[in-house]
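This report covers a sheet, the helices packed on it, and the pockets of one model. The sequence and structure come before the details.

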Amino acid sequence: MNLHQLRFVREAVRQNYNLTDAAKSLFTSQPGVSKAIIELEEELGVDIFTRHGKRIRGLTEPGRLVLQSVELIMQEIESLKRIGKEYAAHDSGSFTIATTHTQARYMLPKVVQAFMQKYPKVRLSLLQGNPKQIADMVKSDQADLAIATEAITTIDGLITLPAYQWEHVVVAPPEHPLFKSRAISLEEIASYPIITYDAAFAGRSKIDHAFGLRALSPDVLLEAIDADVIKTYVELGMGIGIIAGMAFDPERDRGLRAIPVGHLFGMNTSRVAIKQGAYLRSYVYTFIELLTPTLNRKMVESAMRGGDNYEL
């Protein structure tokens with residue numbers, strides 16, 4: 001048994017059981033991958049993959065258990081490599097953050113700027129996607145951590161930590177009738193066409209839940225992943241907008257006014273997600289501390305040892 005065989009098994013699964021694609025991604029030959037997998041199966045005494053002729057089609061039941069062990073072994077190998085790199089260079093390396101558009105556009109710029117001032121030799125990358133996509137990026141080692149509001153607490157294999165809380169605001173042109181209301185209600189909001197986030201983003205589930213509890217069916221005219229897009233169409237007079245409070249800036253958005261509506265839709269918690277068992281470079285802990293001063297390295301390490309989501 002050797003590491004090449006384990007890599008081949010893992011990559012075959014990642015490439016949807018296409019050995020040609022697995023071989024290409026590992027810069028080797030398809031017959032070599034096939035032979036190595038067969039030799040591993042013979043050594044273990046079980047079939048890892050189901051087959052149709054010479055083609056593999058999926059994992060057998062023991063194959064699923066083998067894959068779990070392979071993932072753990074390969075993760076430990078990567079951790080060993082990172083330990084060596086960390087002690088060779090404390091303040092340089094690569095760091096990849098997977099996040100949603102709202103976080104990347106409105107919350108992270110100042111944090112990233114402060115981080116880069118501390119670690120100018122670190123090569124920082126930002127990957128964007130919906131919450132499920134960015135969680136998968138962390139699980140597949142494409143990213144070191146993920147930052148999002150929706151869904152990531154329910155995904156197996158991730159440890160999540162609360163970063164900060166925020167509330168939604170309703171935005172509309174300054175002369176809009178809503179601003180004459182003493183206490184804005186869900187019924188008033190639902191009486192106007194609404195422009196807000198796509199269902200996967202920025203606390204949209206709480207918006208839908210609040211309307212649902214009151215048996216209201218608002219006219220959601222337009223959905224987007226970008227608050228700037230939402231504000232643009234609100235300024236055109238197409239409807240009122242519901243966006244994350246962090247996305248409204250009175251100086252920048254002078255054509256609009258905002259009303260905080262956390263009392264109607266509830267507070268939202270953006271979280272940092274890390275892969276269970278991952279080895280984090282010291283500067284990753286620094287980034288987390290810059291993002292949320294309520295967390296520190298000791299608390300993050302404690303959450304990772306506990307293998308569960310952390311709450312303040």
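Which element gives the most to the lining of the largest pocket? Helix 4 does, with five residues. The model is predicted, with local features needing pLDDT of at least 70 and side-chain atom pairs pLDDT 80 or more, while totals for chains, interfaces and linings use all residues. Residues are numbered from 1 along each chain as its sequence is written, and side-chain values use heavy atoms, without hydrogens and water.

**Pockets**

A pocket is an open set of points on a 1 Å grid over the protein atoms alone, where a 1.4 Å probe fits, with protein on both sides within 12 Å along at least five of seven lines; lining residues have an atom within 4 Å of a point. The volume is the space filled by probe spheres set on the points.

| Pocket | Volume | Residues nearest the centre |
|---|---|---|
| Largest | about 430 Å³ | Glu-71, Gln-75, Lys-139, Gly-157, Lys-275 |

The largest pocket is lined by 14 residues, and helix 1 (3–14) and helix 4 (61–88) each give two or more of them. Its lining has three nonpolar, five polar and six charged residues (Ala, Val, Leu, Ile, Met, Phe, Trp, Tyr, Cys and Pro count as nonpolar, Asp, Glu, Lys and Arg as charged, the others as polar).

**Sheet**

Five strands form an open sheet in the order 4-3-5-12-6, with mixed pairing (strands pair if DSSP finds at least two bridges between them; strands are DSSP runs of E with at least two residues, and helices runs of H or I with at least four). Strand 4 (121–128) and strand 6 (158–166) each have a single partner strand, so one side of each lacks a neighbour in the sheet. Strand 3 (residues 92–99) and strand 5 (residues 145–148) run parallel and are joined by three bridges, and Thr-99 has Ile-147 as its bridge partner in strand 5.

**Helices**

Helix 11 lies across strands 3, 4, 5, 6 and 12, at about 45 degrees to strand 3 (angles run from 0 to 180 degrees between N-to-C directions). The axes of helix 11 (residues 282–291) and helix 12 (residues 297–306) come within 9 Å and cross at roughly 110 degrees, which makes the two helices roughly perpendicular (65 to 115 degrees). Contact (heavy atoms within 4.5 Å) involves residues including Tyr-285 and Ile-288 of helix 11 and Val-300 and Met-304 of helix 12.

Key. Angles under 35 degrees count as roughly parallel, over 145 as roughly antiparallel, 65 to 115 as roughly perpendicular and the rest as oblique.
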